[in-house]
Amino acid sequence: MEYIYNALKSCSLFSGFNEEEAISTLSNTNYKISSYKKGEIIALEDDPISSIGIVLEGTIEVQKNYPSGKTVTINRMEKGNVFGEAIIFSNKKTYPSTIVSSNATKILFIHENDILKLCSSNSTFLNNFMKVLSNRILTLSKILRDLSYQTIRQKISSFLLNEYKNKKSLTITLNGSRQEMADQFGTTRPSLSRELIKMKEDGLIDFDRKTITILDIEALEETLF
């Protein structure tokens with residue numbers, strides 16, 4: 001159970017729980033742990049959903065697949081991250097996207113009935129669950145706001161300013177590839193590269209393969225208005 005707690009202690013749902021409390025709480029549910037190989041599908045878009053998932057090991061990708069065959073990665077989740085919490089109590093109750101294992105992964109699933117029991121019997125868990133839902137709403141609001149930006153420069157600037165706000169550093173380390181970044185902004189890789197070069201020439205940023213450094217934060221903010 002130790003490796004389970006190592007993941008749970010970084011999971012928002014179990015914030016404030018010590019090891020004994022976390023394991024005891026989990027033991028009161030009919031949880032299930034599933035293992036997946038690299039590239040294995042955890043859930044397909046429109047599959048029914050009745051449990052939340054917590055990543056115990058590895059990394060998963062949330063993907064959107066289009067009729068043309070194009071696949072866009074819209075999110076990555078690592079150890080301690082939760083998925084499905086905003087869907088299991090909805091009217092539709094199906095996965096809105098496909099979830100794929102990026103590498104060897106273990107997922108802990110807790111059924112919706114157990115979630116309801118935990119929320120009704122444990123005020124700390126209920127408070128944590130409400131926080132997770134609220135943060136998900138804020139994330140979705142940010143995504144909608146970013147979609148409202150018309151130019152690639154605006155989308156890049158919004159991304160960099162948000163990363164700066166979260167990490168308190170002018171140098172942003174990129175976790176994905178240029179292609180994945182382009183997919184995130186709804187553009188092509190060549191268009192993204194051209195705009196990054198223009199922003200560097202304009203003195204807004206500097207960059208290499210793995211990082212982007214903000215040189216003029218006020219100018220970045222001005223691109224959004």
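User: How many salt bridges does the rule give, and what makes a pair count as one?

Analyst: The count comes to 11 salt bridges. A pair counts when a side-chain nitrogen of Lys or Arg lies within 4 Å of a carboxyl oxygen of Asp or Glu. The model is a predicted one, in which local features need pLDDT of at least 70 and side-chain atom pairs count only at pLDDT 80 or more, while totals for chains, interfaces and linings use all residues. Residues are numbered from 1 along each chain as its sequence is written, and side-chain values use heavy atoms, with hydrogens and water left out.

User: Why is the contact of Lys 92 with Asp 46 called a salt bridge?

Analyst: The N to O distance between the side chains of Lys 92 and Asp 46 is 4.0 Å, and the rule asks for within 4 Å, so the pair is counted. The pair links distant parts of the chain, 46 residues apart: Lys 92 is in the loop between strand E6 (82-83) and strand E7 (98-101), and Asp 46 is in the loop between strand E2 (41-43) and strand E3 (51-57). Helices (H or I, at least four residues) and strands (E, at least two) are DSSP runs, numbered from the N terminus.

User: Which parts of the chain does the salt bridge of Arg 153 and Asp 202 link?

Analyst: The two side chains meet at 3.0 Å, N to O. Arg 153 is in helix H5 (residues 152-167), and Asp 202 is in the loop between helix H7 (189-201) and strand E10 (205-207), 49 residues apart. Elsewhere, Glu 61, Arg 76 and Glu 180 are linked in a network of salt bridges.

User: Which residues gather in the patch of negative charge, and what makes Glu 20 exposed?

Analyst: The patch on the surface consists of Glu 2, Glu 19, Glu 20 and Glu 21. Patches are made of residues with over 30% relative accessible area and no salt bridge, with like charges joined within 9 Å; Asp and Glu count as negative. Helix H2 (residues 19-27) gives the largest share, 3 residues. Glu 20, in helix H2, has a relative accessible area of 67% and is therefore exposed.

User: How do you know where the "HTH crp-type" domain lies, and what is its secondary structure?

Analyst: The range, residues 150-218, comes from a UniProt annotation in an unreviewed entry; such annotations may be inferred rather than shown by experiment. Over residues 150-218 the chain is 57% helix and 14% strand.

User: Why is Phe 225 called exposed?

Analyst: Phe 225 has a relative accessible area of 84%, so the exposed label applies. Phe 225 is found in the segment after helix H8 (217-222).

Conventions: Patches are made of residues with over 30% relative accessible area and no salt bridge: like charges are joined within 9 Å, nonpolar side chains (Val, Leu, Ile, Met, Phe, Trp, Tyr) within 5 Å. Accessible areas come from the Shrake-Rupley method with a 1.4 Å probe; for residues, only the protein chains shown count as cover. The place of a charge is taken as NZ of Lys, CZ of Arg, CG of Asp or CD of Glu. Buried means under 20% relative accessible area, exposed over 50%, partly exposed in between (1.4 Å probe, protein chains only).
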